[in-house]
Amino acid sequence: MDIELQTITTNGNDGDHVSKDGVPAGNGSGQAYSIPEATEGDVLLTEQPRNGEIMSSGHAAETQRNQEKSSVCRVKDELNEVVFWKVRLWMVIILVFLLIFAIIIISLALCSTIYEDVDEKYDASSFNVSRSFNGSFRLPNQVFTEELLTLSVSKSQALATDLQKQLADLYRSSPALGRYFSEAKIYAFRNGSVTADYRLTFLMPAERQDELRNFTLSRKMVYNVFRQFLYDRETDESEPMYIDPLSLKMF
């Protein structure tokens, strides 16, 4: 015997069951319930505040540009104002800058012309106190001969004259010692790769002799000028007139 089971639906208030079509069961009316869809008007209403913000920011930017333009125009108008006759304000400003520049150039020119270095003004006739330094140096590329023992011989005289000229040019060109330099003399040659004995003579004023002896014309200053000259000169060590800096002596 076959028994067929059938689904029994109730329309009462036993439970709020909603069918697949959105029809609630047990409400008694049986009408369909659906969620309303969004309309175009709702979308426009939703986007309206954003459009309003864009319009507000654009208006603010345009207002700022207008203000900047008005400021520029106001400055231009002020610069184009006539100060007197046909002279405008911008012309006066340029003229003032040119005048200041011209005053600076003229002042610099006058200062360079009028300024006198006090140290450059001296009376050489007042230098009557002598100060001498003796010493020796070696000429490693010279060959010693008996003729060098006598300064009256032409070879000895030529070598002495050449060395004296080098020493005189050195100290006369010195900014510190040039005004006080008097004489450089080679008074003897000795054997041993030709060693030359020299004497340097300086003259100084009597009222400043103590100061000059301790500083400008001190042995240390005169010696360092000579030694620095030997190190700085661009002379090949193989040249005949090369002076060995390490052999320099002064007392």
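Predicted model: local features only at pLDDT ≥ 70, side-chain atom pairs only at ≥ 80, totals over all residues.
## Overall architecture

The chain contains five helices and eight strands. Read from the N terminus, its elements follow the order β-β-α-β-β-α-β-α-β-β-α-α-β. Of its 251 residues, 23% count as buried. Among contacts between residues at least 6 apart in sequence, 60% join residues at least 24 apart.

## The four-stranded sheet

Four strands form an open sheet in the order β6-β7-β5-β8, and their pairing is antiparallel.

Strand β5 (residues 127-138) and strand β7 (residues 195-205) run antiparallel and are joined by eleven bridges. Within this pairing, Val 129 stands opposite Met 204 of β7, and Gly 135 stands opposite Tyr 198 of β7. Strand β5 also pairs with β8, again in the antiparallel sense, over two bridges. There, Ser 136 has Lys 249 of β8 as its bridge partner.

## The loop between β6 and β7

The loop between β6 and β7 contains Val 194. This residue has a positive phi of about 60 degrees, although it is not a glycine. Val 194 is also buried, its relative accessible area being 0%.

## Helix α3 across the sheet

Helix α3 (residues 154-172) lies across β5, β6, β7 and β8, and runs at about 145 degrees to β6. The helix has 19 residues and reaches 26 Å from its first C-alpha to its last, close to the 27 Å expected at 1.5 Å a residue.

The buried residues of α3 are Ser 156, Leu 159, Ala 160, Leu 163, Gln 166, Leu 167, Ala 168, Leu 170 and Tyr 171. An α-helix has 3.6 residues a turn, so residues three or four places apart point the same way. The elements that cover the buried residues of α3 include the strands β5, β6, β7 and β8, together with helix α5 (219-232).

## The largest nonpolar core

The largest nonpolar core comprises 37 residues, and those with the most contacts inside it are Phe 137, Leu 163, Tyr 171, Leu 200, Phe 202 and Phe 226. At least two residues of this core come from each of β5, α3, β6, β7 and α5. Helix α3 gives the most, with seven residues.

Phe 226 illustrates how separate parts of the chain meet. With neighbours within four places in sequence left aside, Phe 226 is in contact with Phe 137, Leu 167, Leu 170, Tyr 171, Tyr 198, Leu 248 and Met 250.

## Cysteines

The model has zero disulfides under a criterion that requires a pair of cysteine sulfur atoms within 2.5 Å. Cys 73 is partly exposed, with a relative accessible area of 42%. Cys 111 has a relative accessibility of 52% and counts as exposed, because the limit for that class is over 50%.

Conventions. Residues numbered from 1 in each chain as written. Heavy atoms only, no water. Pairing = 2+ DSSP bridges. Contact = heavy atoms within 4.5 Å. Axes fitted to C-alpha atoms, helices over the stretch in contact; angles between N-to-C directions. Buried < 20%, exposed > 50% of the residue type's maximum accessible area, 1.4 Å probe, protein only. Expected span 1.5 Å × (residues − 1). Core = buried A, V, L, I, M, F, W, Y, C linked by side-chain atoms within 4.5 Å.
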